[in-house]
Amino acid sequence: TFPVSCSSRMPRCTGLQVRASQAVHRRFYSVFAAWGRLLSRRPWLIILVSLCAAVLASTKLLLSFGGDGLPYQSNGDKLWVPEDAEASKDQESFDAAFNPTGAFTRQNFVYFLATSGGTVLTAPILQEVYRFRELARRNLTATDICDGGCSPLTPSAVGYSEVCDRAAGDASSELSQCLTYGSAFPLFEDGSGNVVLDLTDAEILEMVESGTGVAGSLYPPGGNVTFDVRRVFGGLEYDGAGKLVSAKAVKLGLPLEGYKSSVDAVKDQLEAATAWEDQLNLLVGEEWTSDPPLSRGSAYGDAIAVEWESPLVDAYPNTAGAIERELSGNISGDVIKINIGFILIGAYALAVFFKFDPRRSRSALAIAGLVSCALSVGVAYGFTTLIGYEVNPVVTVLPFILLGIGVDDMFVLEQALSATDKTAPPAERMAACMGSAGVSITVTSLTDLVAFALGSTSSLPALAAFCCFATIGITADYLLQISFFAGWMALDAHREAAGKPDCCPCCGPLDPSVESGCCGCFANSCAAVKAPEEGLLRSVLRRHYAPALARKPVQVAVVVCMAVWAAVCGWQASKLSVDFEYVGDDAVLQRTFDVEDEYFGGLPLDVNLVTPSSAAFDYSAVSSQLLLEQLAVAAETDPWVDRSSLVSFQRALLAWAWAAKGSASLESAAGGPPSSLADALLPPADYYSWLNEFVTASEGGVFARDVLWVDAAAPGQGLSAARLRATQLPLTEAADEIDAMDSLRASVASVPIEGAYAYGFQYLYYEQYKVIQREMLTNLGLAIAAVFVIVLLILAELRTTLLVMLCVLLTDVSILGVMQMWGLTIDSVSVVNLVLAIGLAVDYSAHVAHAFVIAKGTHTERMQSAVSEMGTAVIHGAFSTFLAVLVLSASQSYIFRVFFKQFFSISVFGVAHGLLLLPVLLVLVGPPEMPSDGDAEEPKGGYPPAVPDVPETQASARVAPGLPAQKA
């Protein structure tokens with residue numbers, strides 16, 4: 001049985017848990033102590049082997065310099081859409097049926113607002129927008145694509161007609177064949193294709209309001225072809241009588257043909273489209289593209305041939321590659337900030353390792369530790385890409401994470417070495433150091449590793465890829481810390497034993513009279529500012545902070561304040577929403593998004609109700625015709641679908657047949673001629689021939705794209721697929737969008753047509769919203785469960801493990817609450833950081849918990865010992881990491897901004913729970929001490945004993961962790 005309570009002053013504390021804990025710690029200690037002695041005997045061998053292994057694993061990264069670089073993925077559909085998403089499967093089926101060539105449209109829009117802030121429904125404004133359109137379509141060309149260097153395009157000068165979107169099967173390069181959807185100007189075309197803008201404001205208002213246009217025959221009232229002005233005019237305003245009076249924005253669409261693959265067969269077309277889009281951005285203004293631009297051509301290059309400026313309108317472009325460019329460009333532009341962050345961490349580590357006593361100073365060792373961290377970054381990028389993963393924008397934060405974790409381990413190892421007896425042989429010092437600190441960094445590294453390894457199973461490609469990179473990087477970081485860095489620690493212990501100066505270990509021993517100075521120079525010049533023997537921060541923790549936590553009023557205040565804070569953060573976390581915004585608030589592209597949200601937000605989106613081929617569903621059968629009508633009714637009655645928007649080829653076919661063939665030629669479900677159109681059905685024998693006749697006639701031509709023939713020359717073979725179309729109600733909230741998608745899918749599933757499904761391109765994004773909360777809870781749950789098991793196995797103490805996990809959970813609750821307070825949302829980037837928070841929160845708590853478990857004395861004495869011994873390393877690790885990410889607060893990248901805000905929270909609340917709440921809880925409900933020295937055999941060198949609050953005059957005589965007590 002497990003003991004309920006056990007006084008730390010009893011000579012022996014029995015129980016299975018205590019004996020198991022002792023056995024585990026003895027085993028871990030002996031293994032790491034043996035490794036420490038080996039490091040002391042063979043430091044150079046271990047350093048060289050670990051260095052060669054790291055360089056070998058980083059080969060792909062090293063070879064990428066000066067070449068094509070590492071494989072990089074920034075396509076949003078391949079990063080944020082779940083791999084097993086139903087929408088992805090439906091998209092494949094939909095494209096196979098309705099888009100067999102694999103081409104898609106690269107949507108490019110430019111939004112125009114009147115500089116005066118007034119209406120755009122005036123002839124001068126529309127003429128100015130038309131002038132821009134004609135410049136782009138007729139005069140704008142791209143000649144070179146620039147990606148690390150400029151290379152000419154194929155063909156040499158790419159204009160809009162070479163890259164524009166066309167009807168399927170149209171291979172011409174005539175400008176007149178380019179599709180013009182997403183633009184207001186088809187409304188103003190006459191019957192000959194000319195755009196007529198010589199109109200009065202009243203005439204423009206009337207055309208826009210009615211949607212009939214200049215040529216009434218193009219958009220006849222009540223016809224099958226309608227012009228939805230809401231899609232091209234934004235900010236529509238009406239008077240009290242419901243009459244249109246103004247519009248604040250107008251949209252211009254310039255769609256390009258796209259390709260699903262970047263293989264060599266279409267590489268030229270992709271480059272041409274990308275370059276022309278970049279020239280379109282440059283036509284608006286240089287701030288809308290990368291620096292330097294991605295292309296050269298008529299709007300930017302040696303000779304600028306096309307320029308556009310307007311005193312009447314402001315333009316806001318949103319091209320197909322805008323978000324991808326914004327992510328990559330901002331991250332590339334923040335390279336300087338990243339380097340500054342690395343320098344700050346390095347400088348801080350050097351400052352912490354530096355001592356005024358040149359023998360005890362370890363600034364050179366800090367450099368070795370930083371090299372170790374850099375090697376782990378190289379392994380993470382080189383080895384992970386070698387096994388087939390691609391770098392993505394989220395992975396760019398990985399160096400900060402690995403550097404933070406590595407530096408934290410550096411501080412723990414260095415503090416353990418500094419705490420050993422300076423007079424002991426280097427081999428015993430390394431044995432005590434590794435035996436004491438090896439377990440701590442093993443707990444933290446293993447928990448980080450497992451948390452990310454579980455995250456690599458995520459269905460979100462960006463999150464899964466990042467977790468793979470992180471898993472390999474953390475593994476490399478841990479192995480290099482206990483080999484490469486620990487090898488240099490062994491050499492440094494030998495240097496210190498020989499009395500040689502820190503930054504010149506090849507020099508001879510210093511004169512015994514030298515007690516301070518830099519590298520032995522300026523001997524004894526720093527005696528006046530000499531820090532305490534144990535270090536200033538450690539002295540403050542031991543003499544002031546730890547004793548303060550031992551006072552009951554302080555403990556009560558800590559518990560109450562933490563409970564109140566947790567409640568507040570829990571309440572705030574409950575209000576977190578799901579959203580995907582990967583562009584910073586001050587990014588230039590955000591201006592376009594603001595225009596879209598303000599004037600075109602909540603627009604209705606098209607959805608398709610797709611039915612299978614005739615082989616699976618005989619459209620001509622009476623039962624099938626009834627099911628098609630049932631499907632139409634199900635869509636109409638769906639609460640998220642605009643009832644008036646349904647477009648059914650079956651209903652239109654019946655109406656045509658009623659008029660063209662006569663009601664007598666039709667059938668009814670009851671048999672005999674139908675009494676009305678509502679119960680009319682087509683004769684099965686004539687179904688496919690009449691359908692073919694209908695869609696080839698002028699009345700049914702608009703439905704030709706809704707029915708796909710197995711063989712157009714032989715209609716009798718039936719259809720390969722068909723669809724009904726409808727419009728989803730305007731939505732702005734992610735929860736509503738998820739409900740709308742699920743509702744329409746359920747409506748389709750309620751009709752027994754095997755293989756039918758609902759699909760809209762927006763469903764790919766809705767799937768992200770739907771899965772992200774589940775992914776967050778799943779990954780956090782798996783990470784917490786795995787961390788609990790690992791901490792329990794290594795600490796071998798249930799009560800302490802539960803307290804550590806409580807601190808981890810409260811840290812995550814604090815982070816979630818601050819996310820809401822700071823305006824963040826749940827998305828792939830924030831979920832990555834939440835998984836990271838699990839590992840780092842364990843780092844801040846596990847070191848203290850482990851030190852408490854192996855310490856001797858009362859609960860209070862053991863708490864003071866743990867805080868004094870491990871608090872310094874925890875604070876240094878957290879502060880150095882925070883110092884590095886501080887520079888990212890001014891980043892232009894959304895990913896880095898989120899990373900800064902969440903990492904700030906991780907650092908602050910991780911340390912607060914690990915060094916404030918956890919010590920108090922350990923005093924109040926912590927486990928009893930392990931058996932004393934006389935109860936069981938200790939590992940060679942002993943367990944780290946408690947460090948009581950001794951007077952300053954006795955500080956140098958206190959027992960060093962990991963070594964036996966020195967006899968008086």
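1. The model is predicted, so local features need pLDDT of at least 70, side-chain atom pairs count only at pLDDT 80 or more, and totals for chains, interfaces and linings use all residues. Residues are numbered from 1 along each chain as its sequence is written, and side-chain values use heavy atoms, with hydrogens and water left out.

2. Strand S17 covers residues 719–728. Strands (E, at least two residues) and helices (H or I, at least four residues) are DSSP runs, numbered from the N terminus. Nine of the ten residues of S17 are buried. Buried means under 20% relative accessible area, exposed means over 50%, and partly exposed lies in between, with a 1.4 Å probe and protein chains only.

3. Which strands pair with S17? Strand S13 (residues 605–611) is joined to S17 by seven bridges, and strand S16 (residues 707–709) by three. Two strands pair if DSSP finds at least two bridges between them. S13 and S17 run antiparallel, and S16 and S17 also run antiparallel. Leu609 stands opposite Leu724 in S17, while Leu708 has Ala721 in S17 as its bridge partner. As a general point, the side chains in a regular strand alternate between the two faces of the sheet.

4. How many disulfides does a search of the whole structure find? The search finds two. A disulfide here is a pair of cysteine sulfur atoms within 2.5 Å. In general, a disulfide is a covalent bond between the sulfur atoms of two cysteines.

5. The link of Cys146 and Cys150 is right-handed, with 100° about the S-S bond. Cys146 is buried, at a relative accessible area of 10%, whereas Cys150 is partly exposed, at 45% relative accessibility.

6. Cys164 and Cys178 form a disulfide with sulfur atoms 1.9 Å apart. This disulfide is left-handed because the torsion about the S-S bond of Cys164 and Cys178 is about -75°. Both Cys164 and Cys178 lie in the loop between helix H7 (160–163) and helix H8 (201–210), so the pair ties together parts that are 14 residues apart in sequence. Cys164 and Cys178 are both buried.

7. Two further cysteines can be described by accessibility. Is Cys373 buried or exposed? Cys373 counts as buried because its relative accessibility is 0%. Cys561 counts as exposed, at 53% relative accessibility.
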